[in-house]
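Thank you for making the time this morning. I would like to walk you through one model, starting from a single helix and its surroundings and then widening the view.

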Amino acid sequence: MAKKTSKRVNATETELKEKLVNLNRVAKVTKGGRTFSFAAIVVVGDGKGVVGHGLGKARDVQESIAKAIDEAKKNLIKVPIYKGTIPHEQLGKYGAGKVLIKPASDGTGVIAGGAMRAVLEIAGVQNVLAKSQGSSNPHNVVKATIDALNKLRSPMLIAKQRGLKMDKLFNG
């Protein structure tokens, strides 16, 4: 098997957009009453194949979102996008969250639910069919989607590994 190439990307290289996927208010009951804190899940990306996710927890909403954005910028990955869609069908899994993403023809749009839609749109995928098959927990769905995107292989890379030309790879 060929050497595994790193798909990690440096956050300073690109102009990133961020999208809040979920904000959860958590109450801790103490003898003095309830103490509220917030947990935010954020995805960041440049819309050209770079995407990352982060979780931030704090007593304040803005602070938790800021922490989540910083965390997301630390674990960015590069996603191969071929003609506005993904190169091939892929399953992703994280915990009980399972997702299936399939390439779609031009003009289809992003057919995906909540947390998956946010990840795929921020990544820059324009046409894709997606289905969340396991847990509906946004934490697991986001991580499973990132897992599926991370497993994708670029058609150019596969053609190079097999010693073929691109047209031969698709029409072969």
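Let me begin just after helix H2, where Gly-124 takes a positive phi of about 100 degrees. Before I go further, a word on the basis of all this: the model is a predicted one, in which local features need pLDDT of at least 70 and side-chain atom pairs count only at pLDDT 80 or more, while totals for chains, interfaces and linings use all residues. Residues are numbered from 1 along each chain as its sequence is written, and side-chain values use heavy atoms, with hydrogens and water left out.

When I say helix or strand, I mean DSSP runs numbered from the N terminus, with helices being H or I of at least four residues and strands being E of at least two. When I say buried, I mean under 20% relative accessible area, with exposed meaning over 50% and partly exposed the range in between, for a 1.4 Å probe and protein chains only.

How much of H2 is buried? The helix spans residues 114–123 and is mostly covered, since seven of its 10 residues are buried. Those residues are Ala-115, Met-116, Ala-118, Val-119, Leu-120, Ile-122 and Ala-123.

Part of the surroundings of H2 is helix H3, residues 138–151, and the axes of the two come within 8 Å and cross at roughly 40 degrees. Axes here are lines fitted to C-alpha atoms, for helices over the stretch in contact, and angles run from 0 to 180 degrees between N-to-C directions. H2 and H3 are therefore oblique to each other, given that angles under 35 degrees count as roughly parallel, over 145 as roughly antiparallel, 65 to 115 as roughly perpendicular and the rest as oblique. The crossing of H2 and H3 is right-handed, that is, the near helix is turned clockwise from the far one by less than a right angle.

Which residues meet there? From H2 come Ala-115, Met-116, Val-119, Leu-120 and Ala-123, and from H3 come Pro-138, Val-141, Val-142, Thr-145, Ile-146 and Leu-149, where contact means heavy atoms within 4.5 Å. The residues of this contact divide into 10 nonpolar, one polar and no charged, counting Ala, Val, Leu, Ile, Met, Phe, Trp, Tyr, Cys and Pro as nonpolar, Asp, Glu, Lys and Arg as charged, and the others, Gly among them, as polar. As a reminder, an α-helix has 3.6 residues a turn, so residues three or four places apart point the same way.

Thr-145 deserves a moment of its own. Thr-145 is found in H3 and counts as buried, at 0% relative accessibility. Leaving out residues up to four places away in sequence, Thr-145 touches Val-99, Met-116, Val-119 and Leu-120.

Ala-112 lies in the loop between strand S8 (110–111) and H2, and is buried with a relative accessible area of 15%.

Gln-133 sits in the loop between strand S9 (128–132) and H3, and is partly exposed, at 46% relative accessible area. Gln-133 and Lys-98 are 35 residues apart in sequence, yet 5.2 Å apart in space, C-alpha to C-alpha.

Pro-103 belongs to strand S7, residues 97–103, and is partly exposed with a relative accessible area of 34%. Beyond four places in sequence, Pro-103 touches Thr-85, Ile-86, Pro-87, His-88, Glu-89 and Leu-129.

Is Lys-83 buried or exposed? Lys-83 is exposed, with a relative accessible area of 67%, and is found in the loop between strand S5 (76–78) and strand S6 (90–94). Its phi is near 55 degrees, a positive value in a residue other than glycine.

Finally, the whole protein. There are five helices and nine strands, running from the N terminus as β-β-β-β-α-β-β-β-β-α-β-α-α-α. The C-alpha atoms fill a box of roughly 70 × 35 × 35 Å along the principal axes, and of the 172 residues 41% count as buried. Residues 24 or more positions apart account for 58% of the contacts with a separation of 6 or more.
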